[in-house]
Amino acid sequence: MFASSQFADLWHHAGLWLRGYALVLLMMAIGAVLERRRPVELLHSRSVQRLNLVYAALYMAVVEGLKPLTAAASVAIVNALGGGMVVLASHGWGALASFVIVLLTVDLLEYAFHRLQHTWPLLWKLHSLHHSAVDLNVTVTFRHHWLEAAIKGCLLYPLVGVLFKVDPWIVGATSLVFMFGNYFAHLNLRVDLGRYTTWVNNPQFHRLHHSARPEHFDHNFTQLLPLWDHLFGTLWIPAKHEWPATGLDDGAEPRSLLAAVSWPLGMHAARRGTLERKPVPALDEEAK
Ligand SMILES: [Zn+2]
Ligand SMILES: [Zn+2]
């Protein structure tokens, strides 16, 4: 039997999950409306998009359920390493500077972790679920393996607390920027930012990261600012009409919730870069 406080706690988390998922659906609906105006390609599978929506609900539930664990991990890490090495301002122009510092730090951590996801076989087994999307579109935004949320929540994000003593609202404001940026980058939207395409992550820049073409592999890792790809030598500046096909080189992707959840146990999770690579034509070349 649940004690009433446990039930209240569960009810509270269920409410937060429901609100979070409702926001996800709203953002994806807005994204889908934008995608209809100028799609990069017509999507191949509605059933995979539906699966992505269902998977996002599960992913959000896991993130919500992990909150006590990630909070405990943050406390343990901050206690072990010391917390708030640098005190950041929370008022006036100082708050703006704090916002920029936290934004750059989180983006650099995300960049570094993303490089590891493509380097360490175990992390790639998880991350390849995200890369298996043949139809790159807004519904792929949350198609990350749930274990990645645990790893990042317990080991990566607490580092921000080790480095900085900062008001939570500043961290919250940067989270909003990353959230909108993440949706934007995954849109199936033919938007041309011209000379600004390497200023901020965008549908074409991130599509190159998801490309199934071997020459694009391991480029454009950034979550928000291509600055990091530029600094660390992983930048691929997309040509004006470069909108490659996406997915793993063997085209594998999960077709059921069970297949998505258990993805790292399958054969396909290890395949990119290990199979003989067949050249994949760019969409624009296919259209010729
Ligand atoms: Zn990646
Ligand atoms: Zn992506």
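Begin by selecting G247, which, once neighbours within four places in sequence are left aside, is in contact with S132, A133, V134, A212 and E253; two residues count as in contact if their C-beta atoms, placed from the backbone, lie within 7 Å. What you have open is a predicted model, in which local features need pLDDT of at least 70 and side-chain atom pairs count only at pLDDT 80 or more, while totals for chains, interfaces and linings use all residues. Residues are numbered from 1 along each chain as its sequence is written, and chains are lettered from A and ligands numbered from 1 in the order in which they are written.

Stay with G247, which is found in the loop between α10 (227–231) and α11 (257–261); helices here are DSSP runs of H or I with at least four residues, numbered from the N terminus. G247 counts as buried because it has 20 C-beta neighbours inside 10 Å, where buried means 20 or more other C-beta atoms within 10 Å of the residue's own, exposed means 12 or fewer, and partly exposed lies in between.

Leaving aside neighbours within four places in sequence, L123 is in contact with L116 and Q117.

Now turn to the largest nonpolar core, which has 22 residues, and select V24, Y55, A56, Y59, M60 and A260, the ones with the most contacts inside it; such a core is a set of buried Ala, Val, Leu, Ile, Met, Phe, Trp, Tyr and Cys residues joined through C-beta atoms within 7 Å. The helices α1 (4–37), α2 (46–65), α5 (121–131) and α8 (168–185) each supply at least two residues of this core, and the largest share, 7 residues, comes from α2.

Finally, display α4 (residues 92–119) together with α8, which pack at an angle of about 55° with their axes 9 Å apart; the axes are lines fitted to C-alpha atoms over the stretch in contact, and angles run from 0 to 180 degrees between N-to-C directions. On the α4 side, select A95, S98, F99, V102, L103 and V106, which meet I170, V171, A173, T174, V177 and F178 in α8.
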